[in-house]
Amino acid sequence: MRIPFLFVSAITLLSASVTHAQLNIIEAGDGIVEYSQANAVPYDSLAPFHQSYDNYPKFPGQTLFFQGKKNDASGYVDAFYTANPLKGNSKVYHVMNERVGNTSPDAVVGKYFDVLKVFCKQNSRYCLLLKEQKTGDEIYYLPSIATTNNFICIGNYEKMKQLHVGKTFYALGKRVGLVGGNTLQTTEGAEYKAVDMGVELHDNGAYLILEDNNGQRLKGMPYGHIVAGFVSKERLDSLIKRYGKDYGKRIAFMHITEGMSKEMLIESLGNPIKKEQTTFKGKSADIWRYPEGYTIGLQNGKVISVHKSSYLW
């Protein structure tokens with residue numbers, strides 16, 4: 001039987017196409033996203049280096065200062081490397097103890113580092129490529145709870161100085177640090193003026209220097225527009241204007257009372273770390289818990305109960 005020419009040609013073409021077909025093979029990546037100055041997330045200078053992992057993509061192009069830590073005689077473990085640890089094995093930078101594998105404090109404490117790149121793996125693990133300004137050494141830093149508080153971003157330092165120095169603050173009646181050492185239980189409402197910013201080696205974070213009329217100097221840790229342990233005159237005046245003198249002062253000095261609105265509560269303490277639902281007099285109510293030890297009951301948008309304990313969440 002004679003096979004038609006067109007049918008033979010179709011078979012030939014099909015065979016040829018199958019023979020020469022190729023798949024688009026894509027090499028598996030390492031899952032690492034790289035940030036440089038070209039694609040860095042804009043940095044507003046309000047956030048300190050350690051505040052959140054989400055901030056790391058903002059730091060390419062910024063300069064960091066490493067304070068060190070109080071027990072730095074043992075060096076820094078799992079922190080500084082000569083190659084990117086997210087990509088595999090890497091050697092410890094300036095190792096001082098081969099058995100433990102820790103970086104010598106002399107190599108990093110009191111040094112300034114330019115952030116060249118930031119690497120992110122699986123949206124949770126970060127590594128920063130730093131360049132030490134004096135030696136030019138390129139160092140890979142793996143963030144950890146033990147060391148992130150020791151880094152100060154110069155941009156944040158200058159922003160906090162610009163934002164707070166020269167302004168008047170009132171103490172919240174909390175125990176705060178004294179410049180030079182020790183602590184002091186402040187008197188609520190005592191007036192201070194921010195005169196400068198300071199940094200101490202082997203400590204955590206830059207602080208605002210607050211001075212009273214007798215020349216006594218206290219430390220206030222700035223977090224954006226907030227200074228821990230104090231309220232600014234600007235904020236107090238603004239709250240009084242919005243809520244009246246009585247409620248304005250209560251909100252500013254964190255005196256939560258029954259009858260306050262949910263808006264006032266959030267203005268004073270911020271958002272809670274834990275929310276629960278309950279019933280009160282047969283109606284639905286909410287329980288908000290705060291790290292300061294407050295447990296607040298709310299119903300219909302109003303504070304109905306306030307409990308303050310010494311236990312901190």
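1. Buried denotes a relative accessible area under 20%, exposed denotes over 50%, and partly exposed lies in between, computed with a 1.4 Å probe on protein chains only. The model is predicted, so to speak of local features requires pLDDT of at least 70, and side-chain atom pairs count only at pLDDT 80 or more, while totals for chains, interfaces and linings use all residues. Residues are numbered from 1 along each chain as its sequence is written, and side-chain values use heavy atoms, with hydrogens and water left out.

2. Helix α3 covers residues 233-243, and its buried residues are L236, L239 and Y243. Helices (H or I, at least four residues) and strands (E, at least two) are DSSP runs numbered from the N terminus. Viewed down the axis of α3, these buried residues fall within an arc of 65°, so they line one face of the helix; the arc is that of the directions from the helix axis to the C-beta atoms. E234 and K241, on the other side of α3, are exposed.

3. The cover over the buried residues of α3 includes β11 (168-171), β19 (230-232), α4 (245-252) and α5 (262-269), where contact means heavy atoms within 4.5 Å. Just after α3, G244 adopts a positive phi of about 90°.

4. In helix α2 (residues 154-164), the buried residues are N156, Y157, M160, L163 and H164. Seen down the axis of α2, they fall within an arc of 135°, so they line one face of the helix. Elements that cover them include β10 (151-153), β11, β14 (191-198), β15 (207-211), β17 (222-223) and β18 (226-227).

5. How do α4 and α5 cross? Their axes come within 8 Å and cross at roughly 40°, which makes α4 oblique to α5. Axes are lines fitted to C-alpha atoms, for helices over the stretch in contact, and angles run from 0 to 180 degrees between N-to-C directions. Angles under 35 degrees count as roughly parallel, over 145 as roughly antiparallel, 65 to 115 as roughly perpendicular, and the rest as oblique. Y247, R250 and I251 of α4 make the contact with M264, E267 and S268 of α5.

6. R250 also lies over the face of Y247, at 4.8 Å from the ring centre. The criterion is that NZ of Lys or CZ of Arg is within 6 Å of the ring centre and within 35 degrees of the ring normal. K308 lies over the face of Y294, at 5.3 Å from the ring centre.

7. Rings of Phe, Tyr and Trp (its six-membered ring) pair if their centres lie within 6.5 Å; planes under 30 degrees apart count as stacked, over 60 as edge-to-face and the rest as tilted. The count by this rule is 18 aromatic pairs. F80 and Y141 form a tilted pair, 5.3 Å centre to centre with 35° between the planes. This pair links distant parts of the chain, with F80 in strand β4 (residues 80-81) and Y141 in strand β9 (residues 138-141), 61 residues apart. F80 is buried at a relative accessible area of 1%, and Y141 is buried at 0%. One aromatic cluster is formed by Y43, F49, Y56, F59, F66, Y76, F80, F113, Y126, Y141 and F151.

8. The loop between β14 and β15 contains H202, which has a positive phi of about 60° although it is not a glycine. H202 is partly exposed, with a relative accessible area of 35%. D203 is found in the loop between β14 and β15 and counts as buried at 17% relative accessibility. Not counting residues up to four places away in sequence, D203 touches Q67, G68, K70, N150 and K219.

9. K281, not a glycine, has a positive phi of about 55°. K281 is placed in the loop between β20 (274-280) and β21 (283-289). Is K281 buried or exposed? K281 is exposed, with a relative accessible area of 75%.

10. P60 lies in the loop between β1 (32-35) and β2 (63-66) and is buried, with a relative accessible area of 6%. Leaving aside neighbours within four places in sequence, P60 is in contact with Y35, S36, Q37, A40, V115, L116 and V118. The C-alpha atoms of P60 and L129 are separated by 8.9 Å, and these residues are 69 residues apart along the chain.
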